[in-house]
Amino acid sequence: MILDWLTPEEWQAVALSLRVSFWATVFSLPPGIAVAYLLARCEFPGKQILNGIVHLPLILPPVVTGYLLLLTMGTQGPVGGVLKDLFGLVFAFRWTGAALAAAVMAFPLMVRAIRLSIELVDPKLELAGATLGAGRLWVFATVTLPLILPGILVGAILAFAKAMGEFGATITFVSNIPGQTQTLPSAIYAFLQVPGGEGSALRLVAVSVGIAMGALLLSEIAARSVSKRIGRA
Amino acid sequence: MSIDIAVRHRFPGIEIDVAFTAPQGVTALFGRSGAGKTTVVNAVAGLLRPSFGRAVIDGRILFDTESRTWLPPHKRRIGYVFQDGRLFPHMTVRQNLLYGRWFAKLPKDEAGLRHIVDLLGLGELLSRRPGALSGGEKQRVAIGRALLSGPSLLLMDEPLAALDETRKEEILPYLERIRDEAQVPILYVSHSMPEIARLATTLVALRDGRVVRSGPVETVTADPDAVTDLGVRDAGSVLTGIVSAHHPDALSEIRLSKGSLFLPRIQAPVGTSVRIRIEAQDVMLALDKPDRISALNILPVDVVAVRQGAGPGVMVQLALGDDRILARVTRRSADGLGLRSGLACYAVVKSVSVARGNVGPSPAV
């Protein structure tokens, strides 16, 4: 019925956005957890620089981030060119590029949420794990990771929501090609540009609000049940 | 089995420079907070990297700054019982207990688990999570967890300090059982002399980052010269006696190397060796044998030494056969009685603490 309620063109935008946000979230989780752990638990030279780079997309105008992505990850760019030659991986003007842009923009939010939850884990518990024979990786896997699951969940949902709403960097990096890179926000923008498009725009706005609310509720429920399971509630 | 430890490390404001050898049994690190006790155990566990030093358990080097050896904490096989328990909140008691076992690559040993569970009375708790345990229960689980990791040395950093008196009394008997049954040497950090008198075989007293006294608990606690190092309030001798009889009037008799003490009935069979502590301030001295007095414990002793303290008090070391007892009297009394080395007199003991099973401090009669 939601399929009937939306035109195929609108539905395409919604489905693309869900796909882009899903993969953006999934692929940023491992580096997100790693960077959050580095920032929360380790001292190393250049820590502030890493911190700055991670947070840059949060403070830069999204258009600037998108343009920087185009410069580096485009087929002519230094990184994008190599990826294309070696792996045949192309980001520019593809849905993968939309996912990359969304991931970069959502990364700081995810890292912040996970970092906060790591900082809440008592390092003394990790030391106790070490005295019981667990090496650093094992301590992380058996003590830290289970205890920060709620934080990871919150980080993932935040990142997903941010990815769903990403507009500036996406449109700059991969443009606004229906069915390829036209995500939900780009579609709303496009509909508003043509006469008689308000109906479509409004329907997409409703879908977007629905997804956001759903994600928020889901994260709340999931975080609560995980907290209970790990004995934190 | 012996453990050699040397740790030198500078913190802002204090330099720790401690070296001692711990024989089999319980070695107590005694001293006020800030004396360097925790620094030493953390270095042994590998949680703190001292500037200089070494720790060797039976030839196995844990760290040695000279040969640049440093075993990471997870390879040391040290069981560490922290003051605050540090149980993993997301695991059940059972999972907590088995955590170290898995990493030590020890075979699955249900009998071993059951033994520790029985030893520490954890049977009812196995499926619970730490959040649902009392402070004393948490600490017992923490002790079990450390023991089950198959350690070559057990470190206990004030494991009772965060508990109230009742809970302490609840745990002490378990600690005594571990000392007697588990063949693991224990390094026990404490600032409580009664606790040490009950548990420790060797005493290493620290002050301001240095070792000021060390030796068998009986010897150090009976040394009047050590009193200033241990603290006048904590002065008291530790003796070992044997339960020789239970009398029908609810008294137990404990035989010392010379003479006997009478105490309210203690729960230990005749022939059991018990450790007792007599605080210096609970001993009165009399030149003639007191007659028509309610005290039952009047021991014929010889004065060995009289040590003048800074205040109005005097510490008197007394010989009772091979045992040594400390008495704290005022300087006025000491002068009045003419106390001096070699003088024979009588010690009236007002109170004795017994360590064994569930027997706590009990007044002498």
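In this predicted model, R54(B) comes out partly exposed, at 35% relative accessible area. Its salt-bridge partner is D64(B), with N and O 3.8 Å apart. D64(B) sits at 10% relative accessibility and is therefore buried, the cut-off being under 20%. R54(B) belongs to strand 4 (residues 52-57) of chain B and D64(B) to strand 5 (residues 60-64) of chain B, so the bridge ties together parts ten residues apart in sequence.

A second pair in chain B pairs D229(B) with R213(B), and here the closest N and O atoms are 3.0 Å apart. This one links distant parts of the chain, since D229(B) is in helix 8 (residues 227-230) of chain B and R213(B) in strand 11 (residues 210-216) of chain B, 16 residues away. D229(B) is buried, with a relative accessible area of 16%, while R213(B) is partly exposed at 24%. Both also take part in a salt-bridge network that includes R207(B) and D223(B).

Chain A has a bridge of its own between E119(A) and R115(A), at 3.2 Å from N to O. The two are four residues apart in helix 6 (residues 95-120) of chain A, which means about one helical turn between them. In general, residues three or four places apart in an α-helix point the same way, because there are 3.6 residues a turn. E119(A) is partly exposed at 39% relative accessibility, and R115(A) is partly exposed too, at 22%. Over all chains, the salt-bridge count comes to 22.

What about the contact between the chains? Here 21 residues of chain B are in contact with 21 residues of chain A, and the two chains bury about 1800 Å² between them, 70% of it on carbon and sulfur atoms. One salt bridge crosses this interface, namely K124(A) with D84(B), whose closest N and O atoms are 3.7 Å apart. Four residue pairs are in polar contact between the chains. On the chain B side, strand 7 (78-81), helix 2 (93-103) and helix 4 (135-148) each supply at least two residues. Helix 2 of chain B has the largest share, with four residues.

Over on chain A, helix 7 (residues 123-131) has a buried set made up of L125(A), E126(A), A128(A), G129(A), A130(A) and T131(A). These buried residues pack against helix 2 and helix 8 (136-165) of chain A, and also against strand 7, helix 2 and helix 4 of chain B. Just past the helix, G133(A) adopts a positive phi of about 105°.

Helix 2 of chain A (residues 8-41) holds S17(A), which counts as buried at 2% relative accessibility. Leaving aside residues up to four places away in sequence, S17(A) touches M164(A), T183(A), L184(A) and P185(A).

Then there are the nonpolar cores. The largest has 46 residues, of which I143(B), L175(B), I178(B) and L203(B) touch the most other members. Helix 4 of chain B gives the most to this core, six residues. Beyond residues up to four places away in sequence, I143(B) touches V81(B), L120(B), M156(B), I171(B), L175(B) and I178(B). A second, separate core contains 31 residues, among them I276(B), V301(B), L343(B) and V354(B).

Key:
Residues are numbered from 1 along each chain as its sequence is written. Chains are lettered from A and ligands numbered from 1 in the order in which they are written. This is a predicted model: local features need pLDDT of at least 70, side-chain atom pairs count only at pLDDT 80 or more; totals for chains, interfaces and linings use all residues. Side-chain values use heavy atoms; hydrogens and water are left out. Contact means heavy atoms within 4.5 Å. Buried area is the accessible area (1.4 Å probe) that two parts lose on being put together, summed over both. A salt bridge is a side-chain nitrogen of Lys or Arg within 4 Å of a carboxyl oxygen of Asp or Glu. A polar contact is a pair of N or O atoms within 3.5 Å; within protein, one must be able to donate a hydrogen and the other to accept it, and residues adjacent in sequence count only if both atoms are side-chain atoms. A nonpolar core is a set of buried Ala, Val, Leu, Ile, Met, Phe, Trp, Tyr and Cys residues joined through side-chain atoms within 4.5 Å. Buried means under 20% relative accessible area, exposed over 50%, partly exposed in between (1.4 Å probe, protein chains only).
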